[in-house]
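Please read it with the sequence at hand.

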Amino acid sequence: TSCRYTSVGGSCLSGCNPGQQAVASGNSFRCQACPAGHKCVNGDEVAESCPPGSRSRSDGKACISCHSGEFSATAGSTACQKCPKGRYNPHSYQSSCDRCPKGQYADSTGSTSCKSCPAGKYSSSTGATRCQSCPKGRYSDVGAADCT
């Protein structure tokens with residue numbers, strides 16, 4: 001009888017393991033590691049692309065959601081990226097990061113929230129990485145977008 005599934009080493013198998021994909025090779029299938037950025041749950045021919053907001057596990061058995069402060073913008077990601085300075089993400093499983101609102105800032109990568117500008121400082125634009133000092137003779141409260 002012919003072998004329907006064969007391992008990378010050539011031995012006969014009844015099926016591929018989770019984390020492996022069965023790839024057609026003539027009249028049979030060869031078991032190989034699941035492609036990066038995908039999950040192979042049943043060890044069959046199906047390799048599902050990991051959706052935006054997640055990345056593939058190294059063993060190919062599942063996709064893992066990105067943590068808060070991280071994102072993955074495209075399907076099939078193998079890694080999550082930290083939110084850049086000036087942006088934040090309070091939730092897991094996100095495909096982008098939000099810009100900090102006026103009066104707030106994020107001075108490091110991977111922020112899960114923005115910090116309010118202290119009294120005497122302000123940020124007049126969204127996505128600020130730092131606050132500016134009020135001009136001499138002007139003042140601002142905490143979280144101000146401008147000085148008075």
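Cysteine 131 has a relative accessible area of 10% and is therefore buried; buried means under 20% relative accessible area, exposed over 50% and partly exposed in between, with a 1.4 Å probe and protein chains only. The model is predicted: local features need pLDDT of at least 70, side-chain atom pairs count only at pLDDT 80 or more, and totals for chains, interfaces and linings use all residues. Residues are numbered from 1 along each chain as its sequence is written, and side-chain values use heavy atoms, with hydrogens and water left out.

**Cysteine 131 and its partner**
- Cysteine 131 is joined by a disulfide to cysteine 117, with an S to S distance of 2.0 Å; a disulfide is a pair of cysteine sulfur atoms within 2.5 Å.
- This pair links distant parts of the chain, 14 residues apart: cysteine 117 is in the loop between S14 and S15, and cysteine 131 is in the loop between S15 and strand S16 (132-133).
- Strands (E, at least two residues) and helices (H or I, at least four) are DSSP runs, numbered from the N terminus.
- The link of cysteine 117 and cysteine 131 is left-handed, with -85° about the S-S bond.
- Cysteine 117 counts as buried because its relative accessibility is 0%.
- Beyond its neighbours within four places in sequence, cysteine 117 is in contact with residues including Tyr105, Tyr122 and Asp141; contact means heavy atoms within 4.5 Å.

**Other disulfides**
- Searching the whole structure gives eight disulfides.
- Cysteine 100 and cysteine 114 form one, with sulfur atoms 2.0 Å apart.
- Both cysteine 100 and cysteine 114 are buried.
- Cysteine 34 and cysteine 40 form another, with sulfur atoms 2.1 Å apart.
- The torsion about the S-S bond of cysteine 34 and cysteine 40 is about 80°, so this disulfide is right-handed.

**Glutamine 21**
- Glutamine 21 lies in strand S3 (residues 20-25) and counts as buried at 14% relative accessibility.
- Its side chain reaches the backbone oxygen of glutamate 45 at 3.0 Å.
- Not counting residues up to four places away in sequence, glutamine 21 touches several residues, among them Cys34, Cys40 and Glu45.

**Serine 56**
- Serine 56 is in strand S7 (residues 54-56) and is buried, with a relative accessible area of 8%.
- A polar atom of the serine 56 side chain lies 3.0 Å from the backbone nitrogen of glycine 37.
- Leaving aside neighbours within four places in sequence, the contacts of serine 56 include Gly37, His38 and Cys50.

Conventions:
Polar contact = N/O pair within 3.5 Å; in protein donor to acceptor, adjacent residues only side chain to side chain.
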